[in-house]
Amino acid sequence: MGAAGRTNSPLEYSSETRKTTLSALKQGQQFDAIVIGGGITGSGTANALSATGAKILLLERGDFASGTSSASSKLIHGGLRYLQQGRIFLTRDLIREREYLLRNTNIVRRIDFRILIDDYSASRTAVRFGLFLYSLLAGRPHIPKFIRNRGEYPAGIRGYFEFYDAVTDDSTLVVHNILSAVMKGSVCLNYCEVTGISAGSITEVRFTDRVSGNAFSVSGKVVVNCAGPWADSMLEIAGKPSNGARLSGGSHIVVDISHYKGMQALAFFSHIDGRQMFIIPRESVLIIGTTDSIVHSAEMRKPTPEEIDYILESARRIIPSINRDSILTSFYGVRPLLGMGNDPGKITRNFSILQEGNILSVYGVKLTDFRTASKKVAGRVARILGKKAPGNDEPVINYRRPADPKIGYYVKHECPVTIEDITRRRFPVDIYSPSSRENVIAQCKEFVQNGLLLPEPIE
Ligand SMILES: Cc1cc2nc3c(=O)[nH]c(=O)nc-3n(C[C@H](O)[C@H](O)[C@H](O)COP(=O)(O)OP(=O)(O)OC[C@H]3O[C@@H](n4cnc5c(N)ncnc54)[C@H](O)[C@@H]3O)c2cc1C
């Protein structure tokens, strides 16, 4: 796999490649580092570590990005909200990353935002000052102008300020990191669930291939626990004390774009509890969210009726035409945070790396700061392994999709195992273009027939 990746032609990385890789894996085979979890934290870490020349294995229980990393607001942002909370250094670092990703990748793009001012928002002066600071931190200081609502929004909205941030597709960002790691020689396997960890000077990791049911045992000098909301469960499996991660659930709804005439994304404040929310136009839909509440289980579920009502009620002040019948789909994810308190809005949004023996656990990595976090984790691992830390620009995303790839391209080069992996995480029509779903599924049938895709999700 690694050797093929060093050429310029796209690497073949299909479910067949996955099968071959698994059958070549020897029981007890040793790796320098085993990364658990194929979300943004694990994929970024594997990508950064791959550049050190270390021998890396990444194991993901579901598909790549099947956890929180495909259920986010898909923003690469400095976090205006964090600025309101006085987290200036966090905002500065996130803005730097936003600018880096805008400059150096083709999977992050700028989006213009309007922040709406009404009785429930912060005051005009406070928002103007916040946005000035935001532009200053980005190195382009300007004092934003208040623009009056001239009928584009319902009467309660007095007007707005303009600013910009960036958007990506979260699962695409993960898949690009996975493929970049694979191109640098790492072994990254989806549908491989870690079932046991025996910590020692060399740690044994047991896992099950959820496609064949076969069990494997491998060993690693270092284990990097990037299981996001499940990171504490991994420590439990390893017989280590929990780090006490706080989990905060967040839901989004998706409605047709015809409900909104503008091009800009909207930031507004919910009249229910004053939280900042977003309406983000993407392809043929609007993504609206999010909730933020402490939960006690990491399991992925659908948004509850109460969460949906909260989002709908909040957003209907801006777009009155939407209602329950407008919802095309909805999704839910869990933020893995480390910190105290019951108000998720107040728990630190900085990432943390905690070490217990040769197991490193990583919490709180956002899409936006995945590079900073991955580089830091990889540096710590490289030190333990006695290798040179990854270079300043790592993790470099050197995988590039061709323009307008066909379904067959994803199948052959991005290791989907089921049709759902295509429709949710390689070519995510389920979210951005639900009306194209049946057509994409029909195109997948050919690959089901030749054994490259499974028709049903793996439960
Ligand atoms: C509602 C919401 C909106 C957000 N919006 C944004 C945003 O706009 N911008 C931004 O920068 N950040 C955002 N975030 C934050 C960001 O999405 C998350 O912090 C990030 O995706 C977490 O990534 P992760 O890799 O740590 O966790 P995950 O993506 O959950 O990855 C962990 C992986 O570990 C795997 N795993 C679990 N157990 C095992 C096992 N036994 N064996 C193998 N694998 C296992 C899981 O299947 C999962 O894929 C948002 C978060 C939420 C919840």
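Two residues are in contact if their C-beta atoms, placed from the backbone, lie within 7 Å of each other. By this criterion, 72% of the contacts in the chain between residues at least 6 apart in sequence join residues at least 24 apart. The structure is a predicted model, in which local features need pLDDT of at least 70 and side-chain atom pairs count only at pLDDT 80 or more, while totals for chains, interfaces and linings use all residues. Residues are numbered from 1 along each chain as its sequence is written.

The chain has 14 helices and 18 strands; helices (H or I, at least four residues) and strands (E, at least two) are DSSP runs numbered from the N terminus. The radius of gyration of the chain is 22 Å, close to the 23 Å that the globule rule gives for 459 residues, so the chain is as compact as a globular protein of that length. This radius is taken over C-alpha atoms, and the globule rule is 2.2 Å times the number of residues to the power 0.38. Along the principal axes, the C-alpha atoms fill a box of roughly 65 × 45 × 40 Å. Of the 459 residues, 49% count as buried. A residue is buried if 20 or more other C-beta atoms lie within 10 Å of its own, exposed if 12 or fewer, and partly exposed in between, with C-beta atoms placed from the backbone.

The domain assignment gives domain 1 (2-68 + 172-243 + 349-442) and domain 2 (109-169 + 246-344); such bounds come from an automatic or database domain assignment. The centres of domain 1 and domain 2, taken over C-alpha atoms, are separated by 30 Å. The contact takes 20 residues from domain 1 and 18 residues from domain 2. On the side of domain 1 that touches domain 2, the elements that give two or more residues are α7 and α13 (429-432). The largest share of that side, three residues, comes from α13. The residues of this side of domain 1 divide into ten nonpolar, nine polar and one charged. Here Ala, Val, Leu, Ile, Met, Phe, Trp, Tyr, Cys and Pro count as nonpolar, Asp, Glu, Lys and Arg as charged, and the others, Gly among them, as polar.

The ligand is surrounded by 37 residues, of which the closest are G37, G39, G67, G228 and G250; a residue is near a molecule if its C-beta atom, placed from the backbone, lies within 6 Å of it. Domain 1 and domain 2 both give residues to the shell around the ligand, so the ligand lies between them. At least two residues of the shell are supplied by each of α3 (40-50), β8 (192-198) and β16 (327-337), and the largest share, four residues, comes from β16. The shell divides into 14 nonpolar, 17 polar and six charged residues.

In soluble globular proteins, nonpolar side chains tend to be buried together. A nonpolar core is a set of buried Ala, Val, Leu, Ile, Met, Phe, Trp, Tyr and Cys residues joined through C-beta atoms within 7 Å. The largest such core has 114 residues, and those with the most contacts inside it are A33, I34, I56, V224, M234 and V362. Helix α7 (residues 170-183) provides the largest share of this core, eight residues. At least three residues of the core are drawn from each of domain 1 and domain 2. Leaving aside its neighbours within four places in sequence, V362 is in contact with T41, V224, N225, C226, F351, I353, A373 and V377. A second, separate core of ten residues includes I407, V411, I422 and F447.

Several local features occur in loops. Most residues other than glycine have a negative phi, and most peptide bonds are trans. The peptide bond from G289 to T290 is cis, with omega near 5°, and T290 is found in the loop between β14 (285-289) and β15 (293-295). The peptide bond from E394 to P395 is also cis, with omega near -5°; P395 lies in the loop between α10 (370-385) and α11 (407-413). The loop between α10 and α11 also contains D404, which has a positive phi of about 50° although it is not a glycine. With 6 C-beta neighbours inside 10 Å, D404 counts as exposed. E283, likewise not a glycine, has a positive phi of about 45° and is found in the loop between β13 (276-282) and β14. E283 is partly exposed, with 13 other C-beta atoms within 10 Å.
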